Amino acid sequence: MKKKVKIIIGIFILAAVSFLYGHIAKTHNIYDSETDPDSYQNTGILTTLGARQEFTCKEEYLDGVRIKCSVHGEEVQGADTVITYELKDLETGEIAAVGEVDGGDIENNKFQDFRFDRVENSEGKRYEISLYSNQTFGEDHSDGIGFYYENETREDAPVIVAENEVKEIKSGTLVMKTITDRFDLETCVVFFIFALYVILFMRFLYKLFK
């Protein structure tokens, strides 16, 4: 009887841990994740002209976006570079959210979160995220923040980016994901099954070599 109680308690604890683990930043790719990363293009340094990306939200609320960034030059780190951004509801034309990230917090060739206050009732709606840099460094504009994008335009989501206030990119898709903080059942179940497998396997080994 005591053994059964211990098993039940153990399963309950594992289920509780799995439930907590299942609360994640759920992401949806705007770009094609199967595209070879070596084929990604770079926008070059983001300026006050900024970059804009349209997308359709797949979740009932939205907490931010995640974009693969590039850091150009060494003066960006610790400098006064700031990336400001705003989310526009394309149905109403209203600004739904705003935010900013210090350039020194952005890592080269890594995904950076651009978070904002939660936007409710977003499922199926079209949005546009606009990102701007307050400045660039160096006379030749050699220091600053840029983004990665793929040449192909997806889901009618054109990216418009100005590089060094000279070059414009008017087609493609930013290597970007939407972020929604929520409970994900799939993550919870996978963790529960994996943890249960490890526990049972360890018990099997213990009995085998006992």
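Tyr85 stands opposite Gly99 in strand E6, and Tyr85 also takes part in an aromatic cluster with Phe114 and Phe147. This is a predicted model, in which local features need pLDDT of at least 70 and side-chain atom pairs count only at pLDDT 80 or more, while totals for chains, interfaces and linings use all residues. Residues are numbered from 1 along each chain as its sequence is written, and side-chain values use heavy atoms, with hydrogens and water left out. Here is a friendly tour, grouped by topic.

**Strands around E5**

- Strand E5 covers residues 82-89 and strand E6 covers residues 95-102; the two pair in the antiparallel sense over 7 bridges. Strands here are DSSP runs of E with at least two residues, and helices are runs of H or I with at least four, numbered from the N terminus; two strands pair if DSSP finds at least two bridges between them.
- E5 and E6 make a hairpin with 5 residues between them. In its turn, Gly93 has a positive phi of about 80 degrees.
- E5 also pairs with strand E8 (residues 126-133), in the antiparallel sense and over 7 bridges. In this pairing, Glu86 stands opposite Ser130.

**Aromatic rings**

- The structure holds 7 aromatic pairs. Rings of Phe, Tyr and Trp (its six-membered ring) pair if their centres lie within 6.5 Å; planes under 30 degrees apart are stacked, over 60 edge-to-face, and the rest tilted.
- Tyr31 and Tyr40 form an edge-to-face pair, because their ring centres are 6.4 Å apart and their planes stand at 85 degrees. Both Tyr31 and Tyr40 are buried, where buried means under 20% relative accessible area, exposed over 50%, and partly exposed in between (1.4 Å probe, protein chains only).
- Tyr85 and Phe114 are an edge-to-face pair too, at 5.4 Å centre to centre with 85 degrees between the planes. Tyr85 is in E5 and Phe114 in strand E7 (residues 111-120), so this pair ties together parts 29 residues apart in sequence. Both Tyr85 and Phe114 are buried.

**Lysines over rings**

- Lys68 lies over the face of Tyr148, at 5.4 Å from the ring centre. A charge sits over a ring if NZ of Lys or CZ of Arg is within 6 Å of the ring centre and within 35 degrees of the ring normal.
- Lys177 lies over the face of Phe111, at 4.6 Å from the ring centre.

**The nonpolar core**

- The largest nonpolar core has 29 residues, and those with the most contacts inside it are Phe55, Leu87, Phe114, Ile129, Leu131 and Phe147. Such a core is a set of buried Ala, Val, Leu, Ile, Met, Phe, Trp, Tyr and Cys residues joined through side-chain atoms within 4.5 Å.
- Elements giving two or more residues to this core include strand E3 (46-56), strand E4 (61-72) and strand E9 (144-150). E4 gives the most, with 5 residues.
- Leaving out residues up to four places away in sequence, Leu131 touches several residues, among them Leu46, Ile67, Tyr85, Phe114 and Phe147; contact means heavy atoms within 4.5 Å.

**Cysteines**

- A search of the whole structure finds 0 disulfides, a disulfide being a pair of cysteine sulfur atoms within 2.5 Å.
- Cys57 counts as buried at 2% relative accessibility, and Cys69 counts as buried at 0%.

**Leu196 in helix H2**

- Leu196 is found in helix H2 (residues 185-209) and counts as partly exposed at 31% relative accessibility.
- The C-alpha atoms of Leu196 and Ala15 are separated by 9.8 Å, with the two residues 181 residues apart along the chain.
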